[in-house]
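Please read them with the structure open beside you.

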Amino acid sequence: MNGRVDYLITEEEINLTRGPSGLGFNIVGGTDQQYVSNDSGIYVSRIKENGAAALDGRLQEGDKILSVNGQDLKNLLHQDAVDLFRNAGYAVSLRVQHRLQVQNGPLAHRGEGEPSGIPMAVVLVPVFALTMVAAWAFMRYRQQL
C-alpha cells in the first residue's frame with residue numbers, strides 16, 4: 001500500500017424544514033475555531049436523533065456546509081455561522097459537501113480471525129444438512145443388513 005487515502009467529494013443541495021428542535025444538527029468550525037487544519041469551513045459535528053436532518057437522512061456527520069439559503073459560509077466566525085442557521089427561517093436550503101473515502105487498490109489480505117465476507121451460517125447450514133442426510137442414509141442402510 002502506498003499509504004495514500006483517496007476521497008470522492010460530492011456536493012448536494014439539501015432542503016430541510018425546521019422542526020420543534022430546530023434543524024436537528026450541531027456544527028463546528030469557523031475562522032476562530034478551525035475544525036479541520038487550514039480550513040475555516042463549517043462542519044456537521046452531530047446529527048440529533050429524530051431531528052429534521054436525521055429524518056431527511058442525507059446530511060451526515062463530517063459533511064461540510066458550504067452555504068445556507070444561498071449565503072456562503074466562507075470566512076465566518078463560529079458564532080456568526082450559528083446565528084445564520086438560527087435566523088434561516090422555516091424552510092432552509094443547505095449546499096453540502098460530502099467527503100467519501102474511496103478504497104484504493106486491491107483488497108488487503110485478511111488475517112486470522114478476520115471475517116471473510118461470507119456469513120458463517122451460509123457454510124454451516126449446508127454442512128449440517130449433508131451430515132444429517134449421511135447419518136440417516138447410514139442408519140437406513142445398516143437396518144437393511
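1. A salt bridge, as the term is used in this note, is a side-chain nitrogen of Lys or Arg within 4 Å of a carboxyl oxygen of Asp or Glu. This is a predicted model, in which local features need pLDDT of at least 70 and side-chain atom pairs count only at pLDDT 80 or more, while totals for chains, interfaces and linings use all residues. Residues are numbered from 1 along each chain as its sequence is written, and side-chain values use heavy atoms, with hydrogens and water left out.

2. On the overall layout, the protein chain contains three helices and six strands, where helices (H or I, at least four residues) and strands (E, at least two) are DSSP runs numbered from the N terminus. Read from the N terminus on, the order of the elements is β-β-β-α-β-β-α-β-α. Taking contact to mean heavy atoms within 4.5 Å, 63% of the contacts between residues at least 6 apart in sequence join residues at least 24 apart.

3. Buried is used for under 20% relative accessible area, exposed for over 50%, and partly exposed for what lies in between (1.4 Å probe, protein chains only). By that criterion, 26% of the 145 residues of the protein chain count as buried.

4. Which residues have the most contacts inside the largest nonpolar core? A nonpolar core is a set of buried Ala, Val, Leu, Ile, Met, Phe, Trp, Tyr and Cys residues joined through side-chain atoms within 4.5 Å. The largest one has 22 residues, and those with the most contacts inside it are Phe25, Leu59, Ile65, Val68, Phe85 and Leu94. Two or more residues each are given to this core by strand 1 (6-17), strand 2 (25-29), strand 3 (42-47), strand 4 (64-68), helix 2 (78-86) and strand 6 (91-102), and helix 2 gives the most, with four residues. Phenylalanine 85 touches, among others, Phe25, Ile65, Val68 and Leu94, residues up to four places away in sequence not being counted.

5. Strand 4 deserves a careful look, since four of its five residues are buried. Two strands are said to pair if DSSP finds at least two bridges between them. Strand 4 runs antiparallel to strand 3, to which two bridges join it, and isoleucine 42 has isoleucine 65 as its bridge partner there. Strand 4 also pairs with strand 6 in the antiparallel sense, over four bridges, with isoleucine 65 standing opposite valine 96.

6. Strand 4 pairs as well with strand 5 (residues 71-72), in the antiparallel sense and over two bridges, and valine 68 stands opposite glutamine 71. The hairpin of these two strands has two residues between the strands, and in it asparagine 69 takes a positive phi near 50°.

7. The structure holds five salt bridges. In one of them, arginine 95 meets glutamate 11, with the closest N and O atoms 3.3 Å apart; the pair links distant parts of the chain, arginine 95 lying in strand 6 and glutamate 11 in strand 1, 84 residues apart. Arginine 95 is partly exposed at 26% relative accessible area, and glutamate 11 is partly exposed at 45%.

8. Another salt bridge joins aspartate 56 to arginine 58, with the closest N and O atoms 2.9 Å apart; aspartate 56 is partly exposed at 29%, and arginine 58 is partly exposed at 33%. Salt bridges that share partners join Glu11, Glu13 and Arg95 into one network.

9. Finally, Met120, Val122, Val123, Leu124 and Val127 make a nonpolar surface patch of about 480 Å². Patches are made of residues with over 30% relative accessible area and no salt bridge, like charges being joined within 9 Å and nonpolar side chains (Val, Leu, Ile, Met, Phe, Trp, Tyr) within 5 Å. Valine 123 has its place in helix 3 (residues 120-144) and is partly exposed, with a relative accessible area of 45%.

Methods
Areas by Shrake-Rupley, 256 points an atom, 1.4 Å probe, with all protein chains shown as cover.
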